[in-house]
Amino acid sequence: MVRSPRPVGPRTLADRAAAARGMRAALARADSSRVLLLVPDPHARFAAVELSGRFVAEEVLAGGYGLCTYVFVWDVERQPLPLGPDHVLARYLGGYGDLRMRPDPATITALPDGLCGIVCDVEWPDGQPVRAAPRQALTEQLTALEALGYVPSAGLEHEVVFRDADGALSPHGVDYAVGGTERMRPLLRDLRVALDRSGLGVESARAECHPGQYEIVLRHRDALAACDDALLQQLVVRSVAAEHGVTASYLAAPEPGQGSSCHVHLSLATVAGQPAAGSGTGLPPVMASFLAGVLREAAALTPIWAPTWNSYVRLRTAPFSPRELRWGVDDRTAAVRVAGRDGSLRLEFRFPGADAQPHLVLAALLAAGRAGIEERLPAPPPDVVLGALPGTPWEALAGLDRVAKLLGDEVAAQQEALLRAELDAGCTAVTDWQRRRGAARG
């Protein structure tokens, strides 16, 4: 099985492309029987096509492969969004034609069942980029940031909740615990093996603070790899969990008062590889401006951090999912935490939920932070509240003009259509909460 090594730290797009060329040659020589082509969709999951390895090596690496356009305008249940003929995204549904997947060999990963996974970019038949594709949105932001002379390194922390027919696999919070995780142990044992085989580069794993909650963290790496690999890890986790009769849930709020997050640790380096870090825990000017840009735009970008109805339960009720926009040094109650020191100094953005699309999260952070760098914004004082994230999805819709300015019209239109579809679905559903309140009226 061919595996692409994941180097830690920042990597320019040119360096990624060079690594991909080397892996392309290795893949063409390898005997991979089955290959899974994977495209990140707007719901933090993959659209996938399984092909023979020989076919991929002989034809797909050079010519690409088809993928229906509607994967970028479907709801979470894979139903097409109700878009009118004049909608900016109408062509994604007109005729349900094909896009072309272009495999990125720098992402080659060993998956369960003997599959070889490769994440793909997508393009229109005429070769134009698909701007509603989350991976394309991130690539455009990386290109723009490199033009300023900077390259990010990112580490994503996703929390997952394991449940079976009897409920969560731990009866209570087991934060940092060894005991109390006994029901998880057979699953975790197989998960370690699968993740080791994948070559994704796990840094740490530990029990978390809510029932059945666990966190597996990959080492920091270039932003595209961080996002691709976060979704690849989730694919492995869900596959192994299913073999144990367990559901691996990345719901933002498993219960009221509980939160599962996508914390993003981000640092900057120059394109020459020098860290843009200061002395001790002091922010260097470029990081201070980046932070200021993100804090200025964070409320408007809430549809990216909080894309589902459930996202707002997390923001409103989970104690370590702060809505207040402020930053602090090594403060996990702040929306942005400055962590590490000297060469390891980084910003931890704590507002995205586990249900957020990671490529879009990074693209949004980079777009807002880059604007701060370009305008040389000063960082606001630490521990000063600058505002708050919207507390409802209706309020979040108000910021989509800024999303369009930062990430483009297609991404903004997509996020608006998805959030409106989420609201429509929620307003036509009957929940246990509604039934309980109805019974109380008797």
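Colleague: By class, which residues does the lining of the largest pocket have?

Modeller: In this predicted model, the lining of the largest pocket is made up of 17 nonpolar, 10 polar and 8 charged residues.

Colleague: And how big is the volume of that largest pocket, about?

Modeller: The largest pocket has a computed volume of about 1,200 Å³, and of the 35 residues that line it, Leu251, Thr308, Trp309, Asn310 and Glu422 are the closest to its centre.

Colleague: Which helix gives the most to the lining of the largest pocket?

Modeller: That is helix 12, with 6 residues; at least two residues each also come from other elements, including helix 5 (223–243), strand 12 (247–249), helix 8 (309–317) and helix 13 (432–440).

Colleague: Staying with helix 8, which of its residues are buried?

Modeller: Asn310, Ser311, Tyr312, Arg314 and Leu315 are buried in helix 8, and among the elements that cover these buried residues are helix 7 (302–305), helix 10 (393–396) and helix 12.

Colleague: Changing topic, how many residues line the second largest pocket, and which lie nearest its centre?

Modeller: The second largest pocket, which holds about 830 Å³ of space, is lined by 45 residues, with Glu157, His265, Arg337, Arg346 and Glu348 lying nearest its centre.

Colleague: How do the residues of the lining of the second largest pocket divide?

Modeller: For the second largest pocket, the lining divides into 17 nonpolar, 15 polar and 13 charged residues.

Conventions
Residues are numbered from 1 along each chain as its sequence is written. This is a predicted model: local features need pLDDT of at least 70, side-chain atom pairs count only at pLDDT 80 or more; totals for chains, interfaces and linings use all residues. Side-chain values use heavy atoms; hydrogens and water are left out. On a 1 Å grid over the protein atoms alone, a cavity is a set of points where a 1.4 Å probe fits but cannot get out, and a pocket is an open set with protein on both sides within 12 Å along at least five of seven lines; lining residues have an atom within 4 Å of a point. Grid points are joined across faces, edges and corners, and a volume is the space filled by probe spheres set on the points. Helices (H or I, at least four residues) and strands (E, at least two) are DSSP runs, numbered from the N terminus. Ala, Val, Leu, Ile, Met, Phe, Trp, Tyr, Cys and Pro count as nonpolar, Asp, Glu, Lys and Arg as charged, and the others, Gly among them, as polar. Buried means under 20% relative accessible area, exposed over 50%, partly exposed in between (1.4 Å probe, protein chains only). Contact means heavy atoms within 4.5 Å.
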